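Grab your viewer and work through these exercises with the model open next to you. Each task comes with a worked solution.

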Amino acid sequence: MRFQTLLAACLALLATGASADVNDAAILAPKPPRLLSEFGFFEDMATMSATAALAPYDITSPLFTDHADKSRWIYAPGPAHYQTDSVLDFPVGSALIKTFHYGAQKVETRVLLHQEDGWTAYPYVWNDEGTEAKLKIAGKDLVIATQFGTINYRVPNFNQCKACHVDGAKDFRPIGPKVRNLNMGDQLARLVQHGVLDRTEPDAPVTPDYRDASLALDTRARAYLDANCGHCHAPGLPADTSGLYLNWEEDRAVHLGIDKPPVAAGRGSGGLHVDIAPGDPDGSILLYRMISEDPGVMMPEIGRSVIDTDGVDLIRAWIRSLD
Amino acid sequence: MNRMILWGFALMALPAQAAIIDISPGPDAEEMLQEALILAEPGDEIVLAAGTYQIRNQLSLAVDDVTLRGAGMDTSILSFKGQTGGSEGLIVTGDGAILKDFAVEDTKGDGIKSKGVDGIAMIRVRAEWTGGPDPENGAYGLYPVQSKNVLIDGAVAIAASDAGIYVGQSENIIVRNSRGEFNVAGLEIENSNYADVHDNHLENNTGGILIFDLPDLPQKNGHNVRVFDNVSINNNTGNFAPEGNIVAIVPAGTGMLIMATADVEVFGNRFENNDTVNVIFGSFVEETDDDDYITHPRRVHIHDNTFGPSGTNPDDSEFGNVIREIVGVPVPNIVYDGVMTLTQYLTFGMKRDERHSIHSNDHGGQEPYANADFMGYFGLTWLHGVTNDPTEHKGDLQPLPPARVVIRGKDVSKTEL
């Protein structure tokens, strides 16, 4: 019996092309390794060339994180089941790996690990040479010169990761890899071929890319709010205390912020009276908090230190269009 | 033999040896403290040595049953003057957290927040903005929200731009022996159930004690709040809340405000020298389309309180001026807005099982009561008339049961934690 299980496990490994290079024990261990290289995700750390077992992926409508580029990979010992209700159910032993970088300059790599008792996450900060990254449980403040100017970059600590990556039961969870977020080009088919997704469907749902100017303004704005706010501002999630819900599914005007007075905003209100004043972007608390860099005012609270000017332009145009 | 077996079980039930993690001030203190808060195991204690800690990023605790304690609220100080990241000072999302004997100062946003936890104790902690009242201060000092089994004991909150001590959308709550000064609201219980607020001292706030309910929130229609043996005096600090926040409407000089909540028992308190009014209760003041939300208060029971001179100089603000104009100066000790449905207003008044009761108060020689009749004043002007008889409220109200708070399995309602 045990032999059969073992055999099945081996076959599964073969089927998914999971590589012996990846340190499965490190993914499942209660204590994380001190160095990113110990996971064996990359054949060459300096060039970030991933082993064949990792499936690279992108998402359609990404979160703004101080203009950082993001490279993402899925490592899964078996495929997730196609479903469109929630995040894909990558099996125990899976890892989601995301490196934040500005061009060739690597900053940090966050790993989400699916362990026996649920998901967990750890941040690794790269050395100046870009050859190794070190575990930083408590996060780190960095000052980085980028093409967008100097950025006071904050590597989030474990709990700050959890501030967004948490479900209604307070369990850690991935956010991005939902079918609708992965549905771009031939990506779903490619993930199936790679063995990290069991199947796909021709009519798979898609989250619009808010950067796609050919889409309707309302669609783009709601996609932007979903990607940048909806992981906290949704029923049952960390920012539901104020009753402002910005997730894609919300359709009640007051909960979307339309003419909704603030609840616990304090000076985050900026002296304004409602979250969204239709037709009046500058009278809207939502925009006021997007154009702030003050930690006591700005939204999102973590994940950015500079203003997402493209996002601000989009939301400004959207609020102006409302009546 | 039996004893041996019992011993065996007792040992098995014990968790792994709880650790004590000592933190001292210094350049690495923030990282060490945050790392300790992340790596702590249930039962561990993190101890802050005396001194001032400069903290740049919001601290957070997500592990259950962890104690964070210092050497005293005036000696172990977490200063967020240079905060660059995160809004709150400390956010707690782990159950059974015990925080005691330290201070959180000058956070960009709220001081200490707990969200969605079962069991949170804030004992002899202080949250303060050291520059005094300023609309740039954070909103709340001590801020449990969507939590149950909440104990705030011997705490101090100073200069919050909304409420010093604020418990929202929570249940099973005790706030006792605490002090709120120079906040917009000294102490506020909002959208919450089963709360005991007693033996607190509220002074020099805009409003001393606020008990109210707001629409469109995950938890609403709060009920069962007992407010007793508190002192709410000299709450005459000008309202410095940023506009847009509901608390910005509170007139300076308010001893207590009850709005749109049910089953509130107010007894044994002392209210004095609040320049607008000692106690005012009434309906939600804004428009709402929330059909599940009840806008008027039900079963407010005000008895055996002691009132001193107040209401001599109502605040020159929207509501202060309305009170001055309608009921005159000095404003009686207890003011009721008189708002109800139009049918009730024109016929027999409030529903029998929702009626209030006001009795056995020591009014110190002032006018005890006024029904301001806002409905008449703002709408049916030809019917408007102020009345001054508190016995117009015919509620037959019994004492409410005490709140019960259990943290880490221990009932702290009567004992200290």
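## Exercise 1: a parallel pair in chain B

In this predicted model, strand β18 (residues 179–181) of chain B pairs with strand β21 (residues 201–203) of chain B in the parallel sense, over three bridges. Find the bridge partner of B:Arg179 in β21(B).

Solution. Start at B:Arg179 and go across to β21(B): the partner is B:His201. Now zoom out to the sheet. β18 and β21 sit side by side in an open sheet of ten strands, ordered β3-β6-β9-β12-β15-β18-β21-β24-β27-β30 (chain B), with parallel pairing. At the edges stand β3 (51–54) and β30 (306–307) of chain B; each has a single partner strand, so one side of each has no neighbour in the sheet.

## Exercise 2: both faces of β8(B)

Take strand β8 (residues 97–100) of chain B and work out which residues cover each face. Then list what β8(B) pairs with.

Solution. Step one is the general rule: side chains in a regular strand alternate between the two faces of the sheet. Step two, apply it: B:Ala97 and B:Leu99 go on one side, B:Ile98 and B:Lys100 on the other. Step three, check burial, where the cut-off is under 20% relative accessible area. All four residues are buried, so both faces are covered.

Step four, the partners. Strand β5 (residues 67–69) of chain B runs parallel to β8(B) and is joined to it by three bridges, with B:Arg69 opposite B:Lys100. Strand β11 (residues 118–123) of chain B is also parallel to β8(B), over four bridges, and here B:Leu99 stands opposite B:Met122.

## Exercise 3: a pocket in chain A

Solution. First, the domains: the assignment gives domain 1 (2–194) and domain 2 (217–321) of chain A. Their C-alpha centres are 28 Å apart, and the contact takes 18 residues from domain 1 and 18 residues from domain 2.

Elements of chain A that give two or more residues to the lining include α3 (158–164) and α6 (217–228), while β5(A) gives the most, with four residues. By type, the lining splits into 26 nonpolar, twelve polar and twelve charged residues.

Technical notes. Residues numbered from 1 in each chain as written. Chains lettered and ligands numbered in written order. Predicted model: local features only at pLDDT ≥ 70, side-chain atom pairs only at ≥ 80, totals over all residues. Heavy atoms only, no water. Nonpolar A, V, L, I, M, F, W, Y, C, P; charged D, E, K, R; others polar. Buried < 20%, exposed > 50% of the residue type's maximum accessible area, 1.4 Å probe, protein only. Pairing = 2+ DSSP bridges. Domains from an automatic or database assignment. Contact = heavy atoms within 4.5 Å.
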